[in-house]
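User: I am new to this structure and would like a close look at its salt bridges. Please take me through them carefully, with some background on the chain as a whole.

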Amino acid sequence: MPTRRTLRYLTGIASILAVLATAPGPVATARQPAAPAAPATSASVTSDPVTSDPVTSAPVTSATSVTSVTSAPEADTWQPPLSTRGRYIVDAKGDRFRLKSANWDGAQGSWTGSGSVEDPANHHSGQNSSGVPLGLDRVPLPTLLADFHRLGINSIRLPFSNEMIHATATVPDGAVAANTQLRGKTPLQVFDAVVSALSRDGFAVILNNHTNTTRWCCGIDGNERWNSGQSTQAWIDDWVFMARRYADEPRVVGADLYNEVRRDVLDDPNWGLGDEHDWYTAAQRAADRILTEADPDLLIVIEGINWTGIPVDGLPHERPTLAPARTLSHTLVNTHKLVYSAHFYGYTGPRHSGATGVGETHDPRYQDLSRDELYRVLSDQAFFVAEDSGRHYTAPVWISEFGIGSAETGTAPRAWFTNITDYFADRDADFAYWPLVGWEGHDNWALLRYDSTGRRYGILDQGDWRGTAWQRLMTAPERTGPVDRVPAWRMLVTDHGDHVQSLIERGRGDWDPGAYKAACPDGLRLIGLSHTSGRGLCTDTGADDPRAPGTAHTVVTDERYVPAGGDWASGYTKFQCPSDQFLIGYSRRGSRVSAALCAPARTRLGTTGRTVWFDRSDNRPADPAGGDFAHGAYKGQCADGEYAAGIAFTTRVGSAGGPDALLCRRLS
C-alpha cells in the first residue's frame, strides 16, 4: 500500500514511471561511461626497469618487473582495532589513523542488467569482474599491493554483494589467470584470500555491502535499499556472517553497512519513520547485532540517504546525505565505533540525480558550483557532523566515494576535482577514491589500470592530469600522533520501541516489561530528557565511567527514595535514585513516565543540587553541549559537572505524564 509520502508524488508521476524503470539509473553513482583511453605515451609504464613516481618522487619499478611486496610504511606504526574520539579515528594506541583509502571493486558485481551476463560488453566499462576484485586476471596479488602502497593509501574499501556471499559456483579460471592459486575457488573464497593478503600487507580493510545482487550499482537497479529483494533480517544475518568470518583478521577494521540508499520506483527511504524503508532503524539494528554477536572491534560506517523523490522539475527531490543526523543520530552499544559516510561526484548535485536526459533536472550539479558554494554544500550535507564538536551526532566523516576520469577534458569537472581534493586536504578529511583498479582501455576513472599483459597505467604516470590534485591530497599536513579523549554525547530514542544501549542492562533482562525503555551505553550517564517525544541525552563529560563494577541497578517506580524534607518538585510525582546512584535510563508507557533506571556510582556523589524545569520551555546550560537532542520538544539538561538523580512528572488532568523536571546534583 502506498504510504502518505508516496501519495504526494502520484500526481503527474504515472507517465514517467515506466520510463524510469528502464532508464539508466537516475541516482548517481553509476559512473558515466568511460571514454576510450589514450594510447600509452612515453610517460606510461614501459619495459624500462625504473620510472619516477610523481606522488613520492621515489624510484618505481615497473609492473613488469615487480615480483615482491614492499613493506607497508604504516604497517608497523598503527595498531588495530580502530575507534573514534570526536571527529577523529584512532588506533589502539590512541594515535590518529586517517582513512586514506580507495575502493577495490569487483566483488559486488559488474553486470549492467541487460543482455547476456557472459558478454563483457554488458558489464560496466566492458569489465566482467566475475564477482571478484578487479585485476586478479592480469596482475599477481603481490604486485597489486605494491602498487597500492605507491599511491600512499593505507586502507581499502572492499565492496561485496549478498549474492556473492551465497554463490557456490567457482570463478572462471580466466578471472584469476594471474593468480593461479585462486583457481577452483568460489567468489567468497577469493574474497577471503584478498582480505587476508591486504591485512598481512598492512592495509586497513573496510568491508562494504555494496549491492544485494551482482548487478552494477546504481539507479533503479534492484539494489536501491538494503532490503530490496530480501528481508531486513536476511540482510543483517549476512552482515553477522561476514563480520564473524573476518573477526580473526585484526586489520579488518570496519563494516560499511550499505551503499547509496535511495529511492526505488515506488517509494523513498527515510530516516526514522519506523517502517520497512527506515534506513536509520535498519542501520541501528545491524550495528547492534554486528557489535554484540560478531565482532565488537569493528567500526560501524553508516552512509546517509543518497536520494529521495522523483528527479523531475517541479516534483520534490533531493540528496539528503547526512542532513537527517542533525536531529536523529545513532547511538551504538560501543560509543566510540560510529563513523558517518557520504559520497560526492561532480556530475551529481544536492538536488541533481546525475542523469543526462531522462531523470535530468535543471538543478546545479556539484561541478556547476563555485568553490565557495561547493564548500558550503559539503559542510551542510556532510562535514557538519565532524565540524560541530560536542554534539549528539559528532563523529568522523568518511567520504567513501569520489572520483573522476583521467580522460576528462571538461573545465568544470576538472575544477570540481581540484576543489574537492583541496577541501579534503585543507580539512584533514578521511576519504576513499572510486575506483582503485580498472582495465586499460576500459575504465579511465581507475587510479591504476592494467592491460592484458599486466602493464600498469594511471595516476602514477606523469601524463595523468589528476596527479597534481592527488599529490596535494596525499601530502598535505595532517594531524598525527595521540588524540586526546573528548566527552561523548549520544541521544536515546524511544520513537518506535526500546533503545537499551547498555550491554549490562541487556544482560539483566527486561526491567520494565511492556514499556518502551532506554538506557545509556555503558560508561555514560543520563544528563538530559525531553518533555515530549521520549528522547534522552547521555554523556561521560566530567566523569569517565562513573558506574561501580558489577551489574547492580535500581528500578524506581515510586517515591520511596525521596527523603523526608527533600521535596524538590512539590505536587509532582518524583522518581528519585537512591543515595550515590545516578540515572542511566528511563521507560515510558505512551507519553507517561513509567520508571527511572539508576546505577550505583564507584565513588561518593554530591548531594547538593537543583531542580531543572522544562515543562514550559527549554532549560539547558547557556552553551549546551550535546546539541538539540529532541528537535521540536522542550528539553531539560543538567550541567556538565552534574548528574541526573531524579525525574519529576505529573498525571493531573490535562497532562500527558511526560518528564517535567530533573533533579541535577554535583558529581562530587
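Analyst: Helices (H or I, at least four residues) and strands (E, at least two) are DSSP runs, numbered from the N terminus, and by that reading the chain holds 11 helices and 31 strands. This is a predicted model, in which local features need pLDDT of at least 70 and side-chain atom pairs count only at pLDDT 80 or more, while totals for chains, interfaces and linings use all residues. Residues are numbered from 1 along each chain as its sequence is written, and side-chain values use heavy atoms, with hydrogens and water left out.

The pLDDT, which is the predictor's confidence in each residue from 0 to 100, averages 89 over the chain, and 89% of the residues score at least 70. Over residues 1-72, however, the pLDDT is below 50, although this stretch has 149 contacts (heavy atoms within 4.5 Å) beyond near neighbours in sequence. Where pLDDT is low, the predicted coordinates should not be read in detail. Of the 668 residues of the chain, 61% count as buried, where buried means under 20% relative accessible area, exposed means over 50%, and partly exposed lies in between (1.4 Å probe, protein chains only).

Now to the salt bridges themselves. A salt bridge is a side-chain nitrogen of Lys or Arg within 4 Å of a carboxyl oxygen of Asp or Glu, and a search of the whole structure finds 40 of them. One joins the side chains of Asp 430 and Arg 96, with 3.9 Å from N to O. Because Asp 430 lies in strand E15 (residues 430-433) and Arg 96 in the loop between strand E4 (88-90) and strand E5 (100-103), this pair ties together parts that are 334 residues apart in sequence. Both Asp 430 and Arg 96 are buried. They also belong to a network of salt bridges that links Arg 96, Arg 98, Lys 100, Asp 428, Asp 430 and Glu 478.

Arg 365 forms a salt bridge with Glu 360, and their closest N and O atoms are 3.0 Å apart; Arg 365 is buried, with a relative accessible area of 10%, whereas Glu 360 is partly exposed at 34%. Arg 560 forms a salt bridge with Asp 558, the closest N and O atoms here being 2.8 Å apart. In that pair Arg 560 is exposed, with a relative accessible area of 62%, while Asp 558 is partly exposed, with a value of 26%.
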